[in-house]
Amino acid sequence: MQLLRDAARFTPRPDKSSGGPIVIKDKSNTMLWIGTAFGVSLGLAIAVLSIKGPDAKSIHLALQLTARWAFLPFWMAYAGRSLVELFGPILEPLARRGREFGLAYAAALLVHLGLVIALFLITSRLPLTGVILAIFLVGVLCTYLLAVFSFRGLAKALGSTGWYALRTVGMNYILFAFAFDFVRVTVHGPAHYERWRLVEYAPFAAMSVAAPLLVLAAAAHRRLGKRHNQVRLRPVTN
Ligand code: HEM
């Protein structure tokens, strides 16, 4: 559990209610990350629908593309800090942006959900049903709960334990939802799909598996570091 505790951060920055330049600059930065992620996701969807025509088949393709795009900032929000612990401070600027990456993911996913509604309107059928629908709806709930609680110090209302629990369970659940799609097809795919299909899934499946392993490795690295320091600092008794 401790090991997953270090899972990524939707952690809001300290809100110096002075409203000084840092906060304003931060807010505009955050909006820039959110706007860019949403804009790219929307651009992908519009490009696919305008090239392939607005039918169910092309909406499915747009759903696959927007999910893959949303996965990238999510992955950085999840594993960014562990990358720094394992590979050094060169990635520190990215790790410090955990919240921005988390919000960018939530913004990109909005387009995915918009396409789901469009698919439902075109086919008059829910695109997913049963357990699979439940899996992804819980993923949506986790996503926007984390996003909402990362604003205006709302996380404080939950208390540090409550916020840490929401963050740990929420981030790992969303990772599970992504892995449920990517890993499942990659494992079962080769027997049923042509090789090209594997290229569409394997990199994302590998990232889904690597993310928690990076967090585990970083936590083990930290623990070993602490133990090493304790040994080094222990007074020599003759
Ligand atoms: C956090 C929430 C969600 C995540 C992480 C997620 C993830 C994904 C992923 C990874 C894909 C690509 C699948 C592939 O290429 O085979 C995808 C496609 C899709 N998603 Fe989502 N999704 C979420 C929410 C939803 C919801 C709520 C619905 C519908 C109620 C939905 C409906 C679809 C559909 C219909 C596709 C296209 C599947 C295909 O064409 O193979 N998604 N989603």
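These legends describe close-up views of a predicted model.

**View 1. The iron atom of the ligand and His112.**
The protein gives this iron atom a single donor. That donor is NE2 of His112, 2.2 Å away. His112 belongs to helix α5, which covers residues 98-123.

**View 2. Helix α3 packed with helix α5.**
Two packed helices are described by the angle between their axes and the distance between the axes. Helix α3 runs over residues 56-87. Its axis lies 8 Å from that of α5, and the packing angle is about 165°. An angle over 145 degrees counts as roughly antiparallel. The pair α3 and α5 is therefore roughly antiparallel. The crossing of α3 and α5 is left-handed. Which classes of residue make up the contact of α3 with α5? There are 22 nonpolar residues and 6 polar ones, and no charged residues.

**View 3. Phe101 in helix α5.**
Phe101 sits in helix α5. Is Phe101 buried or exposed? Phe101 has a relative accessible area of 9%, so it is buried. Met76 is 25 residues away from Phe101 along the chain. Yet the C-alpha atoms of Phe101 and Met76 are 6.4 Å apart.

**View 4. Helix α5 crossing helix α6.**
The axes of α5 and α6 come within 10 Å. They cross at roughly 140°. Helices α5 and α6 are therefore oblique to each other. The crossing of α5 and α6 is left-handed.

Ser124 lies in the loop between α5 and α6, where α6 spans 130-149. Most residues other than glycine have a negative phi. Ser124 is not a glycine, but its phi is positive, about 50°. Ser124 has a relative accessible area of 60%, so it is exposed.

Side chains of opposite charge can pair when their charged atoms come close. How many salt bridges does a search of the whole structure find? The search finds 3. One of them is formed by Glu85 and Arg222. Their closest N and O atoms are 2.5 Å apart. Glu85 is in helix α3, and Arg222 is in helix α8 (residues 195-233), so this pair ties together parts that are 137 residues apart in sequence. Glu85 has 27% relative accessibility, so it counts as partly exposed. Arg222 also counts as partly exposed, because its relative accessibility is 22%.

**View 5. The salt bridge of Arg97 with Glu100.**
Here the side chains of Arg97 and Glu100 meet in a salt bridge. The distance from N to O is 3.1 Å. Are these two residues buried or exposed? Both Arg97 and Glu100 are buried.

**View 6. The salt bridge of Asp181 with Arg184.**
The side chains of Asp181 and Arg184 form a salt bridge, with 2.9 Å from N to O. Both residues are in helix α7 (residues 154-192). Asp181 and Arg184 are 3 residues apart there, so about one helical turn separates them. Asp181 has 30% relative accessibility and therefore counts as partly exposed. Arg184, at 33% relative accessibility, counts as partly exposed too.

Conventions
Residues are numbered from 1 along each chain as its sequence is written. This is a predicted model: local features need pLDDT of at least 70, side-chain atom pairs count only at pLDDT 80 or more; totals for chains, interfaces and linings use all residues. Side-chain values use heavy atoms; hydrogens and water are left out. Donors are N, O and S atoms within 2.8 Å of the metal (3.2 Å for Na, K and Ca); water is not among the atoms, so sites may look incomplete. Helices (H or I, at least four residues) and strands (E, at least two) are DSSP runs, numbered from the N terminus. Axes are lines fitted to C-alpha atoms, for helices over the stretch in contact, and angles run from 0 to 180 degrees between N-to-C directions. Angles under 35 degrees count as roughly parallel, over 145 as roughly antiparallel, 65 to 115 as roughly perpendicular and the rest as oblique. A crossing is left-handed if the near helix is turned anticlockwise from the far one by less than a right angle, and right-handed if clockwise. Ala, Val, Leu, Ile, Met, Phe, Trp, Tyr, Cys and Pro count as nonpolar, Asp, Glu, Lys and Arg as charged, and the others, Gly among them, as polar. A salt bridge is a side-chain nitrogen of Lys or Arg within 4 Å of a carboxyl oxygen of Asp or Glu. Buried means under 20% relative accessible area, exposed over 50%, partly exposed in between (1.4 Å probe, protein chains only).
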